[in-house]
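Hi,

Here is the structure I said I would pass on. Have a look at it first, and my notes follow below.

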Amino acid sequence: MPSKKALVRRPGPRLADGLVTHIEREKVDADLAAEQWEAYVEALGLHGWQTIEVDPEDDCPDAVFVEDTVVMYRNVALITRPGAESRREETAGVEEAVARLGCSVNWIWEPGTLDGGDVLKIDDTIYVGRGGRTNAAGVQQLRATLEPLGARIVAVPVSKVLHLKSAVTALPDGTVIGHIPKVDRPSLFPRFLSVPEESGAHVVQLGGEKLLMAASAPKSAELLADLGFEPVVVDISEFEKLEGCVTCLSVRMRDLYA
């Protein structure tokens, strides 16, 4: 049976010091960020997801972006080696959390780097963004770990945004969606739908036709609603100031063994 568990990690006191790469730094309201995080977690719960809170890492400003620390495939948890050295201490608590859930734990090793935000899964096809945070050795190790389990790994270039899933995500029917100016090679995806806003490219599949989306993408939400999907909108403005999006604030675990 499919599982509906999601790892989350609350924002720490140093959130405003988080890394920014492709955008100008803006002032982050830590109190508002905490409220937005609570609302995000509540939205997951309201749609049937059991949230599991990973132990905080208060000395790591970016730890709230928990998706970057692990890649899930069925019951296998691949602990990443983040491309930003300042983020590597984030993985220990996540490793403990997935081990407690009974996952088979694997690791990315030096010289490989891999951020979970660079990994987009569509059934057994796994797209991995090769760019600023994920290197060739990381892609090779991902392939070596998951291909024997039945996954098909497709590497794609990422140069215009922080992570692959900053550029594209997928709808329940497998269609990849993205904002064209931020996507390096749309032709690499068999089915691609252009959306009118950058943050409109970021969706979390909640189940059925429901899609968790950011409030900053009303036109994209309208487009997807017109196609028969059900947008569930959350405001994550403070995390967007740090290049965050709805995908990177949780790790969805859909295929854990019973």
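This is a predicted model: local features need pLDDT of at least 70, side-chain atom pairs count only at pLDDT 80 or more; totals for chains, interfaces and linings use all residues.

β13, helix α5 (residues 218-226) and β14 make up a β-α-β unit that is right-handed, meaning that with the strands pointing away from you, the path from the first strand over the helix to the second runs clockwise.

Residues are numbered from 1 along each chain as its sequence is written, and side-chain values use heavy atoms, with hydrogens and water left out.

There is also an open sheet of 3 strands, in the order β2-β1-β15, with mixed pairing. β2 (50-53) and β15 are the edge strands with a single partner each, so one side of each has no neighbour in the sheet. On average, neighbouring strands in this sheet are turned by 25 degrees against each other, direction ignored. Strand β1 (residues 5-8) runs parallel to β2, and 4 bridges join them; L7 has I52 in β2 as its bridge partner. Helix α1 (residues 30-46) lies across β1 and β2, at about 170 degrees to β1. For such angles, axes are lines fitted to C-alpha atoms (for helices over the stretch in contact), and values run from 0 to 180 degrees between N-to-C directions; contact means heavy atoms within 4.5 Å.

On a 1 Å grid over the protein atoms alone, a cavity is a set of points where a 1.4 Å probe fits but cannot get out, a pocket is an open set with protein on both sides within 12 Å along at least five of seven lines, and lining residues have an atom within 4 Å of a point. Points are joined across faces, edges and corners, and a volume is the space filled by probe spheres set on them.

The largest pocket holds about 820 Å³. It has 36 lining residues, and K121, I122, D123, Q205 and R254 are the closest to its centre. Elements giving two or more residues to this lining include β6 (119-122) and β12 (204-207). By class, the lining has 17 nonpolar, 8 polar and 11 charged residues (nonpolar is Ala, Val, Leu, Ile, Met, Phe, Trp, Tyr, Cys and Pro; charged is Asp, Glu, Lys and Arg; the others, Gly among them, are polar). The second largest pocket comes to about 220 Å³, and of its 14 lining residues I23, E198, H202, E240 and E243 lie nearest the centre.

As for cavities, 3 of them reach 30 Å³ or more. The largest has a volume of about 130 Å³, and F65, D68, L162, H163 and E243 are the closest to its centre among 18 lining residues.

Cheers

Conventions:
Two strands pair if DSSP finds at least two bridges between them.
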